[in-house]
Amino acid sequence: MFARLPSKQLCVRYRGTEGEIKFVVLHAIIFANTGGSHLRTYCKGPAPLGFSLSNLLIETLPPAVRAVLFPYLEAVPLPVGTVLYEPEDAPRHVHFITSGMASIVATMSNGDAVEVGVISREGMPEALHLLGPANGSTRCFMQIAGTGLRMEFKAFEQHFHRDETVRRLVLRYAQYQSQMLSQLAACNRLHEGEERLARWLLMVHDRLDSPDIPLTQEFLAYMIGTRRSTLTLMAGILQRSGLIQYRRGDVRILDRESLESTACECYPITRRLFQELYK
Ligand SMILES: [Zn+2]
């Protein structure tokens, strides 16, 4: 059981649809137990732009550390296609994703690309950039529209070096992210398209808490690392078996249990990594 601590008010900045800066006062209720702490924030009045303001990495930080970070955080909408960082890029911001999903993709010189990581409200895509001066060869962008809390990279980097609690948690998340990257790289090379597609849909389902996954066929083929014609074939097999309903721009999961039986062994491995991340 969580013990409820005294409520607090927070002021969060966010960017409106036309780029203007707005402010909103939030009502925060902080829960704590012996194993850790949780924060839920609620807007007083209607939520701006339907924002969710919950990110598991932020929630796992002790309340005193969160209080230090909050003034630096800016809530931003993250529409489909928003680039969070480019290859060889020194990111301007870190993003704590609060809804939607980002993909990390490796792109070859001929334009071929494949997804090697997914990030939703469990983390922060720029974690590996904090480990040292080298910038990676991957690209990260929003694949499913959402929202996030962002902070200037340089400012967060200072907290990372100064505060051991922040550093330990980010290192833990960075380790998780590199384990996921390795598993997905192996999956893309060794497993068949149909089981990769099932694995991928389950991973997205876990992160969105919804059976409906808004996707274009083009994006989906890109993520699975296959041609669109092959993807249509694979999705058709899953649809005829009653596992999914696949329409232009939308996938609905109908039979999760059978989808788990179809997925490759990478799904239970990545699910365990996901579930144990902040334990
Ligand atoms: Zn696999």
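1. Tyr 72 sits in the loop that links helix α2 to strand β5 (74–78); helices (H or I, at least four residues) and strands (E, at least two) are DSSP runs, numbered from the N terminus. This is a predicted model, in which local features need pLDDT of at least 70 and side-chain atom pairs count only at pLDDT 80 or more, while totals for chains, interfaces and linings use all residues. Residues are numbered from 1 along each chain as its sequence is written.

2. A residue is buried if 20 or more other C-beta atoms lie within 10 Å of its own, exposed if 12 or fewer, and partly exposed in between, with C-beta atoms placed from the backbone.

3. Apart from its neighbours within four places in sequence, Tyr 72 is in contact with Met 151 and Ala 155; contact is taken as C-beta atoms, placed from the backbone, within 7 Å. The C-alpha atoms of Tyr 72 and Ala 155 are separated by 8.1 Å, although these residues lie 83 residues apart along the chain.

4. Buried residues of α4 include Val 166, Tyr 173 and Leu 184. The buried residues of this helix pack against α1 (56–60), α2 (63–69), β8 (113–119), α3 (153–162), α5 and α9 (266–275).

5. The axes of α4 and α9 cross at roughly 175° and come within 10 Å. That makes α4 roughly antiparallel to α9, a term for angles over 145 degrees. Axes are lines fitted to C-alpha atoms, for helices over the stretch in contact, and angles run from 0 to 180 degrees between N-to-C directions. Among the residues of α4 that meet α9 are Tyr 176 and Met 180; those of α9 include Ile 269 and Leu 273.

6. An open antiparallel sheet has three strands in the order β10-β12-β11; strands pair if DSSP finds at least two bridges between them. β10 (212–214) and β11 (244–247) are at the edges with a single partner strand each, so one side of each has no neighbour in the sheet. Neighbouring strands are turned by 15° against each other on average, direction ignored. Helix α5 (residues 193–208) packs on the sheet and touches β10, β11 and β12.

Note on methods
Two residues are in contact if their C-beta atoms, placed from the backbone, lie within 7 Å. Angles under 35 degrees count as roughly parallel, over 145 as roughly antiparallel, 65 to 115 as roughly perpendicular and the rest as oblique.
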